[in-house]
Amino acid sequence: MPGSHPPTVIVVHPKERKSKCTVQPLRTSEDFVFWKFPRKEADRIQGYVRLGLDGPLISPADADSGLLVLDGTWRLAEKMEPDYRELPVRSLPDWKTAYPRVSKQFADPSAGLATIEAIYIAYHLMGLDTTGLLEGYYWADQFLELNRDQLT
């Protein structure tokens with residue numbers, strides 16, 4: 001699935017549990033670079049946009065930009081955001097997650113997605129190749145079915 005766009009940078013919080021990490025299968029792809037937070041290489045993320053909340057929707061206009069994604073629980077990702085505030089934020093429209101969530105501490109945002117789902121949606125909306133992105137994601141078929149109307 002190599003492409004002409006810069007590799008997607010996934011910044012993983014050290015408290016993120018590998019057993020719950022939906023992007024683990026991407027570690028073998030040359031299109032993805034994994035950093036352990038607080039790693040930051042400012043010179044390598046020039047021309048990148050960051051997936052987050054409260055930004056304009058990601059679109060084909062962002063296809064030439066690199067994509068930076070924060071991987072962690074909502075609380076952990078929120079703590080990581082200030083380290084990447086210089087990157088323009090791009091949001092995702094509401095899609096349904098297939099990832100089962102159970103929290104005794106707090107409720108996830110209603111539009112909360114698994115990291116792999118968010119990357120898939122971003123690639124789809126940017127017009128990038130999504131082939132193979134959901135391989136290894138246990139809930140891939142359910143996710144695609146839940147969002148069938150958004151994919152057409």
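Biologist: What lies 2.8 Å from a polar atom of the side chain of Asn147?

Modeller: Keep in mind that this is a predicted model. In it, that atom is the backbone oxygen of Lys96.

Biologist: And is Asn147 buried or exposed?

Modeller: Buried, because its relative accessible area is 2%, under the 20% cut-off. Asn147 sits in the segment after helix H3 (140–146), and leaving out residues up to four places away in sequence, Asn147 touches Trp95 and Lys96.

Biologist: OK, switching to strands. Which way do the residues of S3 point?

Modeller: Tyr48 and Arg50 go one way, Val49 and Leu51 the other, and all are buried. In a regular strand, side chains alternate between the two faces of the sheet.

Biologist: Which strands does S3 pair with?

Modeller: S3 runs parallel to S4 (residues 66–71), joined by three bridges, with Val49 opposite Leu67. S3 also pairs with S5 (residues 89–90) in the parallel sense over two bridges, and there Arg50 has Val89 as its bridge partner.

Biologist: How many aromatic pairs are there?

Modeller: Six. One of them is Phe32 with Tyr123: the ring centres are 6.1 Å apart and the planes at 10°, so the pair is stacked. Phe32 is in strand S2 and Tyr123 in helix H2, 91 residues apart.

Biologist: How about Tyr137 and Trp139, what geometry do they have?

Modeller: Edge-to-face, 5.9 Å centre to centre with 65° between the planes. Together with Tyr99 and Tyr138, they form one aromatic cluster.

Biologist: Last one: which ring does the charged end of Arg27 sit over?

Modeller: The ring of Phe34, 4.1 Å from its centre.

Key
Residues numbered from 1 in each chain as written. Predicted model: local features only at pLDDT ≥ 70, side-chain atom pairs only at ≥ 80, totals over all residues. Heavy atoms only, no water. Helix = DSSP H or I, 4+ residues; strand = E, 2+ residues; numbered from the N terminus. Buried < 20%, exposed > 50% of the residue type's maximum accessible area, 1.4 Å probe, protein only. Polar contact = N/O pair within 3.5 Å; in protein donor to acceptor, adjacent residues only side chain to side chain. Contact = heavy atoms within 4.5 Å. Pairing = 2+ DSSP bridges. Phe/Tyr/Trp six-rings, centres within 6.5 Å; stacked < 30°, edge-to-face > 60°. Lys NZ or Arg CZ within 6 Å of the ring centre and 35° of its normal.
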